[in-house]
Amino acid sequence: MQDASAWMLALAGLCVGVTAGFFVRLARLCSFGAVEDALMGGDTRRLRIFGLALGIALLGTQALVIAGQLDPAQSNYTAPALPLISIAIGSVLFGIGMAFVGTCGFGSLVRLGTGDLRSFVVILVLGGAAYATLRGMLSSFRITVLERFALTMPDGINADLASLLQHLSGMDLRAVIAALGGGVLCLIALGDKRLRRTPRLLAAGVALGVLTVVGWLATTKLADPFAGPVHPQSLTFVSTIGKAVYAGLLNVGNFADFGVGTVFGIVLGSFLAAWRADELRWEAFDDDHEMRRHVTGAALMGFGGILTGGCTIGQGITAGSVMALSWPIAILGMMLGARIGIAVLVDGSPRELIRRRFDGWREFLRSRRETARPMAANTPSRRPAVRSDAPHPTAPRSLAE
């Protein structure tokens with residue numbers, strides 16, 4: 001019975017993943033691309049699509065909570081202790097790795113489905129680094145060092161916005177926050193005329209939001225309570241990739257997992273979309289420099305994603321749908337890391353980036369000093385002028401006189 005329940009969860013994850021991968025590949029939606037467009041080009045259209053997905057997920061997930069179909073306290077996102085240092089460091093590292101690879105773990109799975117062999121290497125490295133940080137050689141460092149610095153919630157309440165406000169005000173504002181937050185996010189996206197003319201992007205945003213809700217519901221209803229504590233989950237692509245890699249290498253039983261099912265489902269859904277559009281292409285690394293950059297980025301995403309507790313999808317949409325307090329910290333850190341990663345790529349290396357920034361500041365300070373010197377020379381003396389009626393000193397007379 002327990003095995004049947006686990007495989008039912010895996011099948012549900014596969015179906016959810018196929019749908020998400022198909023719509024995202026069809027729309028060519030990418031979380032890093034959305035961040036890059038917003039930061040570098042001032043184009044927020046794709047970022048608004050992720051806002052639409054979050055808005056729908058927030059409305060649907062909180063409806064499940066209010067209806068008693070989902071308990072956020074059972075998820076991994078709302079534990080009473082909030083590891084601020086771990087989330088802050090991990091999110092920045094994840095953002096840098098995302099910039100090096102050019103996409104996140106979710107995007108790498110989508111690329112893999114189209115025949116991108118670079119993404120196959122990324123997935124293996126990301127999964128290995130994630131599993132090593134989750135349960136392997138790096139897990140003790142994560143637990144004993146980084147996660148020691150955690151903010152404990154007052155009276156052991158859940159680390160989500162609704163619980164915190166209820167503790168402070170004594171009123172349950174969950175429905176109000178969900179309605180306002182979800183409604184505003186949806187209006188921001190749907191209010192853009194350009195987005196209304198791109199149904200593929202809108203469909204991808206709606207699909208991600210709805211599938212996040214479906215994931216929460218499936219992992220709550222299909223889980224076997226006799227197999228152990230029920231931990232509802234939904235879309236996330238760091239720890240699940242690590243589990244999928246571990247299952248393929250060492251333990252076939254780990255395939256019976258909702259998250260692992262979504263990993264394979266994303267690849268299959270992306271493959272179907274690319275095959276339908278006749279866009280299946282084999283792609284590989286151009287040179288060793290590109291390979292080193294992808295491998296480094298994948299390792300940073302695997303390590304940083306576990307420290308953060310999710311990726312751009314796991315924290316950006318899934319954690320946001322339960323109003324987790326980790327959400328804003330993780331999103332800001334990922335965007336900061338992405339900006340640092342882009343700067344490093346533009347300048348060529350971290351060393352070159354630091355050198356150029358140092359030279360720029362030195363040149364700025366020198367120009368300021370040079371500007372200040374002529375101003376000081378042309379500044380009239382502030383000594384008081386001698387009055388005309390004041391006695392003037394006369395030159396001493398010579399001895400001859």
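Reader: Is D278 buried or exposed in this predicted model?
Author: The structure is a predicted model, and D278 lies in the loop that runs between α13 (258-276) and α14. The relative accessible area of D278 is 58%. A residue counts as exposed when this value is over 50%, so D278 is exposed.

Reader: What is the phi of D278?
Author: Most residues other than glycine have a negative phi. D278 is a residue other than glycine, yet its phi is positive. The value for D278 is near 55 degrees.

Reader: Where is D155 placed, and what is its relative accessible area?
Author: D155 also has a positive phi in a residue other than glycine, with a value near 60 degrees. D155 belongs to the loop between β2 (151-152) and α8 (161-169). It is exposed, because the cut-off is over 50% and the relative accessible area of D155 is 70%.

Reader: Is V65 buried or exposed?
Author: V65 is part of helix α3, which spans residues 45-66. Its relative accessible area is 14%. Since buried means under 20%, V65 is buried.

Reader: How is helix α4 oriented to helix α14?
Author: The axes of α4 (residues 84-101) and α14 (residues 288-308) come within 7 Å and cross at roughly 155 degrees. Angles over 145 degrees count as roughly antiparallel. Therefore α4 and α14 are roughly antiparallel.

Reader: What is the handedness of the crossing of α4 and α14, and how many charged residues are in their contact?
Author: The crossing of α4 and α14 is left-handed. On the α4 side the contact includes I87, L93, F94 and F100, and on the α14 side it includes R293, A298, L300 and F303. By class, there are twelve nonpolar residues, ten polar ones and, among the charged, one.

Reader: How is helix α6 oriented to helix α12?
Author: Helix α6 covers residues 117-134 and helix α12 covers residues 239-249; their axes come within 7 Å and cross at roughly 100 degrees. An angle of 65 to 115 degrees counts as roughly perpendicular. Therefore α6 and α12 are roughly perpendicular.

Reader: How many nonpolar residues are in the contact of α6 with α12?
Author: From α6 the contact takes I123, L126, G127, A130, Y131 and L134, which meet S239, I241, G242, K243, V245 and Y246 of α12. By class, three of these residues are polar, one is charged, and the nonpolar ones number eight.

Reader: How is helix α5 oriented to α13?
Author: α5 (residues 105-112) packs against α13 with the axes 7 Å apart, at an angle of about 45 degrees, and the crossing is right-handed. F106, L109, V110 and L112 of α5 make the contact with V263, I266, V267 and S270 of α13. These residues divide into seven nonpolar, one polar and no charged. Because the angle is about 45 degrees, α5 and α13 are oblique.

Key. Residues are numbered from 1 along each chain as its sequence is written. This is a predicted model: local features need pLDDT of at least 70, side-chain atom pairs count only at pLDDT 80 or more; totals for chains, interfaces and linings use all residues. Side-chain values use heavy atoms; hydrogens and water are left out. Axes are lines fitted to C-alpha atoms, for helices over the stretch in contact, and angles run from 0 to 180 degrees between N-to-C directions. Helices (H or I, at least four residues) and strands (E, at least two) are DSSP runs, numbered from the N terminus. Angles under 35 degrees count as roughly parallel, over 145 as roughly antiparallel, 65 to 115 as roughly perpendicular and the rest as oblique. Contact means heavy atoms within 4.5 Å. Ala, Val, Leu, Ile, Met, Phe, Trp, Tyr, Cys and Pro count as nonpolar, Asp, Glu, Lys and Arg as charged, and the others, Gly among them, as polar. A crossing is left-handed if the near helix is turned anticlockwise from the far one by less than a right angle, and right-handed if clockwise. Buried means under 20% relative accessible area, exposed over 50%, partly exposed in between (1.4 Å probe, protein chains only).
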